[in-house]
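Trainee: Please take me closely through one part of this model, a sheet and the elements around it. I would then like to see how the remaining chains are laid out.

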Amino acid sequence: MTLRDKTADETPRSWVRAVLYDATIRGWVFQGLVLLALILFAVWVVHNTAANLRAANIPFGFDFLNMRAGFDISQKPIDYTLDSSHAQAFKVGLLNTIIVSVLGIILATIIGFVVGISRLSRNWLLARAATVYIETLRNVPLLLQLLFWYKAVLSVLPGPRQGYVLPFSANLSNRGLTMPRPIPGEGFEIVMWSVPVAVALAWAIARWAKNRQAATGQSFPVFRASLGIVVGLPVVLFVVLGAPLSFEIPELKGFNFAGGMVVHPELIAMLLGISLYTATFIAETVRAGILAVSTGQSEAAFSLGLRPRQTMRLIVVPQAMRVIIPPLTSQYLNLTKNSSLALAIGYPDLVAVFAGSTLNITGHAIEVIAITMAVYLALSLITAALMNWFNARVALVER
Amino acid sequence: MRSNTFKTLLLGAVFLGAGAVAASAGTLDDVKAKGFVQCGVNGAGLAGFGAPDDAGNWKGLDVDACRAVAAAVFGDPSKVKYTGLSAKERFTALQSKEIDMLARNSTNTMSRDTQLGITFTGVNYYDGQGFMVKKALGVSSAKDLNGASVCVQSGTTTELNLADYFKSNGMTFNAVVFEKQEEADAAYDAGRCDAYTTDASGLYSIRLKMTNPDDSIVLPEIISKEPLGPAVRQGDDQWESIVRWSHYAMLIAEEFGVTQANVDEMKSSENPEVQRLLGVGEGVDFGTPIGLTKDWAYNIIKGVGNYGESFERNVGEGSPLKIARGLNALWTKGGLQYAPPIR
Amino acid sequence: MSRIETDTVFVRRDFLEPEAPPASLGGFPGWARKNLFSSPFNIAISLSMLFLLVWFIPPLFKWLFVDAVWTGDNRDACLPKGGETVGACWAFINAKAAQFTFGSYPADERWRPALVMIAFFAGLAWIAIPKMPRRREGVWLMLTAFPVLTFWLLYGGLGLPVVETSNWGGLLVTLVVAVTGIVASLPLGILLALGRRSKLPFIKIVSVVFIEIWRGVPLITVLFMASVMLPLFLPNGVNFDKLLRALIGVALFTGAYMAETIRGGLQAIPKGQYEGAASLGLGYWQSMRLIILPQALKIVIPGIVNSFISLFKDTSLVMIIGLYDLLGSIQRNFSDANWSTPSIAPTGLIFAAAVFWVFCFSMSRYSMYMERKLNTGHKR
């Protein structure tokens, strides 16, 4: 009774209290305040920037992208001349970033898996060597390693006239690895297009084989068949069409090799540094993934009569992959982002070309940095999305 | 949410901690208030122009430009604080008032002078771009460099001139571009490139740092005009005049034989030009109208010396660089250094 | 006959000493057989590894120690003379040691950073070693009094001559950037992690966007932003130190990574803890402060140490924006005309690598040790 009376006394204030202490309302008010603070902060920054640019008489805008760049880039995967625009320079830089990232990811994955499995090897020497490699390289800054590799590559390789002569008219010197450049002839695009066709065909066969095995129990050598199709079809077409491919052989002219394809020492050093460094992290991921599969799984597989190799391929690896893939994704992203250190050793990646030369020449700091950051953000988000999709496919389907 | 409250707080605290000065009337007042000139110099260190010695004291022709301004303002050339800047940062640092003046072997070009919100106050070194090559290549002229790999620092006028030169001579080349000068130097030294290009003055100083300086030669061609000079922000005419005339005072002093050693004796000179320079005589005061004292130029010469002395000490015969005066001789001796009269 | 008379009994009264296993199974040969030569494949691997080691280790050892130059005053000491090979040029490191540690900090004032470093490592040992007394007080001291004292000692003022940050360099800058970065990123990381797990939609979105943006871009672009864009964002005439700008960039960047580390810890706290806190009538901030964060932060100590390792390695990037950290000041001295010889660059890089390695390796061991220790504490 007394209690009820007390509340009754406070009726006029109770709804105020209710509103004041209501979690939902408080939440919204709080969020409103934060939003307000954010907007004020943004306005403040934009206002300051605009005032600074006005005071300094710097125009803001993206017109500079169409201006003539006028500088040279050492590695040009697409057409680029001194008369190209800054926008074209941006594309060259972006492609170079993608080239080094993709090659780096492939190399790092191979090295990482080999080392990660080696670390679990029963061979004492191999396991120790893998451990020493991992513990040494992962604890030293990548930038330092890149500088080291660049110095090492340049000091080991001789000048272009004394370069090592390799098979197929290739030559390795401190100007890089020069190779004949393939020039596609008439009908070569048919060969190119046959590759995705072959892949699709292989996929269809794998699907058919799986269904047949589920239905009848008969197995089918899917891997060998797929390999045969994916490699065979383009090769057969290539031969049938009369080998529509010629090569531009590099020649030593004056100081350097002219013609052909060149893998510059900067790219070689980048790949060495970035893949050896990232591989240490991938190796640890792989080791953890394999250890995460309980021994009961392999024992069960053996008792079913699977051979060790089949056990690895059908039982251990698929389960380990589930543990490996999420951290592997972040390592790929790290590698892509770390490729920006290229500018320290003169590899013309996006940061070196665009946030380097273009920024310094045009002076449009805000626009250039914003575009560069947006590109990396987009690359990160795309990679993350792809890997999430892949991860969802291999994820354990819970009952 | 809170994070951003926090961020605002953090930024606020940072502003307080930065000891920043709010925008005020002019750079001179700011400089006088804080008691020193904040001068942007070459962060990587370019021997002869701006580089710290073993004791960490900045030395060089560009550094003397800063010291001259400090001497003019405070009567004391040591009242300078230096900010080492990269090629990328230098103009932003000036625009954002991080520094009061920039003396970082920067080339005066039309776009820089007009589009970046800065003004060049003169030319303290007439330079031109040149090439350095390894002797072993047997190259004697830049015209022989067709097909060469060239190491160059990014974002400099050098990078663009290089491209223009090869294009206009119908030659091809392969640029290996580095963000920092040290890296470009090292790559050339390691044999990555056939040639190295930068301002000719820089070539001599960089050549000294090579593992074997005698293995490299500087080619005779000068492929561009590189008038290097100090710069200030646009829109502060008084400060611009001070920086401009600090340089002129050093030139005039050289022209009339006023040196660091004899400046006190020269005060009694009968030459009206010298009297006007040193602020001697009744009503001779050119300093006050630009916010300085009447003995502003006397202080410069007493503290830093005349242009010729500064040149010899930093880049000329008195230095390891041993660069000849050439274009940088006074106009009376066939060079380009010419100062308007004080009158 | 005589045989009967003897007392020889053909029953043993005591045990024989166990025989050593056959030579092929025991000792080193046995071990080697089991661990190195168990199958043809293993033999091939072992032999190739041995070959690699023999090919790699002796020349390295020779270069590092035997052929190395230990003393000298300038490049002449490290120049190859008359056919002999010259290894590492430790004389160069020796001559520049002070510069690599303090940069161009004035010689008379170098006791200040030295004192700070000693105090820092002593304080770190105090709070990092579990058996030390009064660790809680130690943490508070390190987070409050130590930074103030450090700032005073390093920068100057109040009786000490001011040393501009442009004179700081070497290991000093590396430590300042790494330690400030991690300390500043902790509160930021906690707030962002809480924000990301918040039930308030807008707060959550803001936190997610903030975290993902910084995590999606390379540190070098963040540093570029801090060095060339930040000045333009501030009101006209307000600007601050280059080192401070880099620190802001590093703190924002690390804060986003820290948020994800801490979020992992928050997710590991059983739901019962949240419910228990709520049932005690604790509000959001109270339950976070008193119940959740103390547990979550304890779990993520190894994660925080790992973040610190990454950050410590990443500090080397500040050399790209023209600050002279350990690596930067070493690289800068490669072009010292007094010392330039072919061997100083590898020597300097190996020296820098060794310094970074010692720091990072010991921290990673500490992180693993804490992980084991914390794991046992949480098993039920």
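Mentor: The account below starts with the sheet in chain B and then turns to chains A and C.

The model is predicted, with local features requiring pLDDT of at least 70 and side-chain atom pairs pLDDT 80 or more, while totals for chains, interfaces and linings use all residues; side-chain values rest on heavy atoms, without hydrogens or water. Residues are numbered from 1 along each chain as its sequence is written, and chains are lettered from A and ligands numbered from 1 in the order in which they are written.

In chain B, five strands make an open sheet with mixed pairing, in the order β10-β9-β11-β8-β12. The edges are held by β10 (173–178) and β12 (216–218) of chain B; each has a single partner strand, so one side of each is left without a neighbour in the sheet. From one strand to the next, the twist averages 30°. Strands are DSSP runs of E with at least two residues, helices are runs of H or I with at least four, and both are numbered from the N terminus. Two strands count as paired if DSSP finds at least two bridges between them. Pairing in a sheet runs through backbone hydrogen bonds, either parallel or antiparallel.

At one end of that order, strand β8 (residues 129–134) of chain B joins β12(B) in the antiparallel sense through three bridges. Within this pair, M132(B) has V218(B) of β12(B) as its bridge partner. Helix α8 (residues 200–207) of chain B lies across β8, β11 (195–199) and β12 of chain B, and runs at about 125° to β11(B). Angles here are taken from 0 to 180 degrees between N-to-C directions, with axes fitted to C-alpha atoms, for helices over the stretch in contact.

At the level of the whole chain, an automatic or database domain assignment divides chain B into domain 1 (22–126 + 228–333) and domain 2 (129–224). The C-alpha centres of these two domains of chain B are separated by 30 Å, and 17 residues of domain 1 touch 14 residues of domain 2 in chain B. Contact means heavy atoms within 4.5 Å.

Chain A also has an open sheet, of four strands in the order β1-β2-β3-β8 with antiparallel pairing. Its edge strands are β1 (164–166) and β8 (261–263) of chain A, each with a single partner strand, so one side of each has no neighbour in the sheet. Neighbouring strands are turned by 20° against each other on average, direction ignored. Strand β3 (residues 176–179) of chain A pairs with β8(A) in the antiparallel sense over three bridges, and there L177(A) is the bridge partner of V263(A) in β8(A). Helix α9 (residues 265–292) of chain A packs on this sheet, touching β2 (170–173), β3 and β8 of chain A, and makes about 45° with the direction of β8(A). Chain A is divided into domain 1 (2–53) and domain 2 (86–180 + 249–394), whose C-alpha centres lie 50 Å apart.

In chain C, the assignment gives domain 1 (1–56) and domain 2 (90–105 + 163–378), and 54 Å lie between the C-alpha centres of these domains of chain C. Helix α6 (residues 111–128) of chain C packs with helix α8 (residues 145–155) of chain C at about 160°, their axes 8 Å apart. That angle makes α6(C) roughly antiparallel to α8(C).

Definitions and conventions
Parallel < 35°, antiparallel > 145°, perpendicular 65-115°, else oblique.
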